[in-house]
Amino acid sequence: MSRSMEGKIVLVAGGSVGIGLAAAELFAQAGANVVIAARGVERGQEAEREIRRRGGNAVYMQADVSKAAEVKELVDRIVETFGRLDHALNNAAVSGKLARTAEFSEEDFDAEVKANLKSVWLCMKYELEQMQKQSPQGGAIVNTSSVNGLGGAPMAALYAMSKAGILTLTKSAAQEYAAAGVRINALVAGAFDTDLLRSAVTQMLDGDSVRIAQTFESFKARIPAGRIGNPVEAAEAAVWLCSDAASYVTGHSMIVDGGLTSWAR
Ligand SMILES: NC(=O)c1ccc[n+]([C@@H]2O[C@H](COP(=O)([O-])OP(=O)(O)OC[C@H]3O[C@@H](n4cnc5c(N)ncnc54)[C@H](OP(=O)(O)O)[C@@H]3O)[C@@H](O)[C@H]2O)c1
């Protein structure tokens, strides 16, 4: 089965930095036309330039994927430009507010769900509509979840809850759309060296650089692989799940965490 993405049209929602950018680069290296969606224009355009500099095909399209109208417009634009949508990595998220469960406000709850759960559902909604009506029908979708969505996370209950929701959205939709030729899987990420992880730890420790360094050391000590992951290592799994090499894989939660949660599985 082929790992080639030659000529495939791929959306990476949240593709301007971190794991999403690493995936966009891998999709492009494998021959895909990649659409990078994110809110921030500067980082999005830089991601597009970087991929093109390396000989890949990428285009940045601005979108806030927590807003239905913007996701619909994004998918419409992709189809107008390329004629179809083959694969999507729904990866956009923010680190969110950190607090104990009872200390969050109702506004915090709604904001977290909008940014990190509704955004994934909205992406799936418009991607699935397109993948069902195109000819040939079908496609592959990967939604980025987190090990926090498996085991919860102190001070991050709302983030963990959103990431758990992504897992059941993924499994439900995988069962519904398999007959239409759409495979839907989740990437369950452990700790990866990105802006999101750094901003969560910085927020938790009020920017105290000594304690931040200690926290990263204690993360490493808990990870059997002995290190924080490189975003490319998460991206590789997402690209494989989209590829034809994973043609019989759907409804799967693929844990990529250097063994962090292996004891609990
Ligand atoms: N890093 C980790 O250790 C880790 C661990 C577990 C799970 N994850 C998950 O992996 C995914 C990627 O994380 P990362 O660490 O690579 O994060 P990151 O470096 O902060 O990148 C997040 C990307 O999402 C975009 N984004 C955020 N909200 C968006 C929105 N509403 N609409 C469109 N784009 C949006 C960001 O661009 P703009 O801000 O410009 O929109 C950026 O391109 C996330 O789903 C995260 O929860 C990460």
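Two residues are in contact if their C-beta atoms, placed from the backbone, lie within 7 Å. The model is predicted: local features need pLDDT of at least 70, side-chain atom pairs count only at pLDDT 80 or more, and totals for chains, interfaces and linings use all residues. Residues are numbered from 1 along each chain as its sequence is written.

Seven strands form an open sheet in the order E3-E2-E1-E4-E5-E6-E7, with parallel pairing. Strands are DSSP runs (E, at least two residues) and helices likewise (H or I, at least four), numbered from the N terminus; strands pair if DSSP finds at least two bridges between them. Strands E3 (57-62) and E7 (253-256) are the edges, each pairing on one side only. From one strand to the next, the twist averages 20°. Angles run from 0 to 180 degrees between N-to-C directions, with axes fitted to C-alpha atoms, for helices over the stretch in contact.

E1 (residues 9-13) and E4 (residues 87-90) pair in the parallel sense over four bridges. Ala-13 stands opposite Asn-90 in E4. H4 packs on the sheet and touches E1, E4, E5 and E6. The direction of H4 makes about 175° with that of E4. H1 lies across E1, E2, E3, E4, E5 and E6 (182-189), at about 170° to E1.

Ala-23 is in contact with residues beyond four places in sequence, including Val-12, Leu-89 and Ala-238.
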